[in-house]
Amino acid sequence: METLVKEVEATKEVETTYYSEQEIQDLVNDQRAYFKSNSTLPVEFRLEQLKKFRDLIQTHEDELHEAIYNDFGKSKHDNQLTEIFPLYEELEIAIKNVRKWVQHRKVKTNLLNQPAKSYLVPEPLGVSLVIGAWNFPYNLSLTPVVGSMVAGNTTILKPSELPAETSRIMARLINENFDPKYLHVVEGGIPETTALLNQRYDKIFFTGSPQVGKIVNKAAAPHLTSVTLELGGKNPAIITEDANIEVGVKRMVWSKFLNSGQLCLAPDYVLVHKSVKSKVLERIVHEIKKNDFSVENHNFVRIINERNFDRVASLIDPEKVYYGGKMNREERVIEPTVLNNVTLDDAVMQDEIFGPIFPVVEYDTIDEAFDIIKSFEKPLAGYLFSNDENVKERFLSEVPFGSGGINEAVMQVNNPNLPFGGVGNSGMGRYHGKYSFENFSHMKAILDKATFFESDLKYYGHSDRQMNLIKKLS
Ligand code: NAD
């Protein structure tokens with residue numbers, strides 16, 4: 001533990017470049033002019049920039065690992081798995097598919113409009129603003145940037161200011177290697193983000209809390225800017241009486257305590273059928289111990305800052321602690337903590353936890369479990385551990401959430417063929433893989449009509465013949 005503290009204290013002073021309102025306005029204007037010059041449209045240009053971006057990450061992987069470790073103790077292994085790997089995957093998919101994605105997409109033409117062709121033309125939106133969250137600073141900042149680039153936009157990235165070194169290294173790598181008219185990082189906190197939001201964009205892609213999501217949406221409204229909001233919520237997990245508890249709990253515990261529970265997709269609380277609760281509790285503790293999610297573990301991710309540490313710590317009711325509860329404020333570490341006999345009135349059930357506290361709530365009937373979930377805002381994710389086909393079907397059709405897993409948790413985000421996004425209070429819009437391209441594009445709908453034939457159907461005249469034809473086509 002001491003080693004970790006020493007290394008953490010050694011965190012370097014990082015230099016950040018701040019921008020005035022005027023400089024931000026100039027940057028946006030320059031990007032808009034560049035976009036209007038059509039320079040970002042050619043596929044060759046997009047490929048060249050994406051490959052340059054990939055090479056940059058590859059060349060500087062070690063520095064990226066070091067920065068995130070200095071910021072909040074995230075290990076090289078976790079960084080590679082949850083930040084760098086998904087970023088490479090996104091880049092590879094974009095590089096491999098961009099030629100296909102930019103093609104016109106044929107759709108059928110109805111009888112009324114014949115003879116004609118109909119198709120969609122993907123069109124970049126223009127100047128994008130991407131605002132990242134802190135908990136997966138590379139993944140959540142750079143993955144949307146790939147989407148913006150492959151779709152042919154210019155991009156301004158504002159990473160979260162909380163992990164200062166990761167923000168700094170993204171700014172340095174990008175700003176030293178890309179033309180600011182095309183791609184640029186503006187660092188900073190609330191004042192800088194507010195200044196950025198005062199400008200007009202064609203796309204704003206925001207990852208963060210629902211509270212700030214509302215601020216972003218409001219800032220976009222005067223310009224009717226297209227907005228994607230990747231937000232959070234209270235993600236439920238259910239364990240039914242017939243679930244494979246050993247496998248299910250193993251997967252659930254990993255996903256809950258990854259990044260010390262600071263994961264938007266993590267199961268927030270678990271609803272367990274009363275008949276299997278004691279077995280589930282036992283297995284949760286077994287898995288926590290096996291994974292060495294202990295405060296002494298050198299690689300256990302720290303809580304991002306003191307404000308969040310205090311918030312998470314205050315959610316632990318000592319009377320309900322089944323396992324864990326140890327913490328160290330100076331080192332910003334909270335041990336994985338399991339709370340038992342939790343009720344909906346408890347503090348831990350009022351808001352998204354975003355930390356390593358796992359409340360276990362008992363249920364009797366599956367309807368009761370569904371009702372509890374539906375008493376909250378629509379969450380970002382929902383998980384069901386069950387072998388009951390009927391319950392699975394009901395879960396999928398009756399319970400609203402952004403994305404989810406059956407007998408798995410969190411890993412849906414690692415399948416780029418599945419879109420990632422929330423619903424209602426957990427967000428709007430979706431991305432990853434081809435969905436990222438679509439997110440940052442407008443699909444221009446075109447009817448391309450032949451000239452060798454002209455029907456008089458739509459023209460004035462209103463004859464019985466016209467009426468009969470329209471009826472036939474209706
Ligand atoms: P946050 O909303 O506090 O901050 C996100 C970004 O907004 C940061 O870049 C920050 O600088 C900026 N910001 C903060 N306050 C602002 C203000 N008043 N005006 C303008 N900009 C402001 O979120 P966070 O603490 O970075 O992340 C935690 C939240 O994000 C959780 O709710 C979590 O569930 C959610 N999240 C969602 C996803 C997802 O992909 N859906 C991923 C990670 C985190």
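Trainee: Which backbone oxygen lies 2.8 Å from a polar atom of the side chain of N439?
Mentor: The backbone oxygen of R430. The model is predicted, and the distance is computed from its atoms.

Trainee: What makes the link between the side chains of N439 and K203 a polar contact?
Mentor: The distance is 2.8 Å. The cut-off for a pair of N or O atoms is 3.5 Å, with one able to donate a hydrogen and the other to accept it. The pair of N439 and K203 therefore counts as a polar contact.

Trainee: Why is N439 called buried?
Mentor: The relative accessible area of N439 is 9%. Buried means under 20%, so N439 is buried.

Trainee: Where does N439 sit, and which residues does N439 contact beyond its neighbours within four places in sequence?
Mentor: N439 belongs to helix α15, residues 434-439.

Trainee: Why does R105 count as partly exposed?
Mentor: The relative accessibility of R105 is 23%. Buried requires under 20% and exposed over 50%, so R105 falls in between and is partly exposed.

Trainee: What does R105 touch, leaving out residues up to four places away in sequence?
Mentor: R105, found in strand β1, touches S118, Y119, L120, P122, F437, E438 and M443. For L120, the separation from R105 is 15 residues in sequence and 4.9 Å in space, C-alpha to C-alpha. The side chain of R105 also reaches the backbone oxygen of W101, at 3.2 Å.

Trainee: How do you know that β1 pairs with strand β2?
Mentor: Pairing needs at least two bridges. Three bridges join β1 to β2 (residues 116-124), and the two run antiparallel. As an example, K106 stands opposite Y119 in β2.

Trainee: What makes β1 and β18 edge strands?
Mentor: The open sheet has three strands in the order β1-β2-β18, with antiparallel pairing. β1 (105-107) and β18 (441-449) each pair on one side only, which puts them at the edges. From one strand to the next, the twist averages 30 degrees.

Trainee: What makes strand β15 mostly covered?
Mentor: Five of the five residues in β15 (residues 381-385) are buried. A381, Y383 and F385 point one way, G382 and L384 the other way, and all are buried.

Trainee: Which strands pair with β15, and how do you know that they do?
Mentor: The threshold is again at least two bridges. Strand β8 (residues 236-239) and β15 share three bridges, in the parallel sense. β15 and strand β16 (residues 403-406) share four bridges, also parallel. Both pairs therefore meet the threshold. Y383 takes part on both sides: Y383 is the bridge partner of A237 and stands opposite G405 in β16.

Trainee: How is the protein divided, and how far apart are the centres of its domains?
Mentor: Domain 1 covers 2-231 + 427-443, and domain 2 covers 236-421. Their centres, taken over C-alpha atoms, are separated by 29 Å. The contact takes 31 residues from domain 1 and 25 residues from domain 2.

Technical notes:
Residues numbered from 1 in each chain as written. Predicted model: local features only at pLDDT ≥ 70, side-chain atom pairs only at ≥ 80, totals over all residues. Heavy atoms only, no water. Buried < 20%, exposed > 50% of the residue type's maximum accessible area, 1.4 Å probe, protein only. Axes fitted to C-alpha atoms, helices over the stretch in contact; angles between N-to-C directions. Domains from an automatic or database assignment. Contact = heavy atoms within 4.5 Å.
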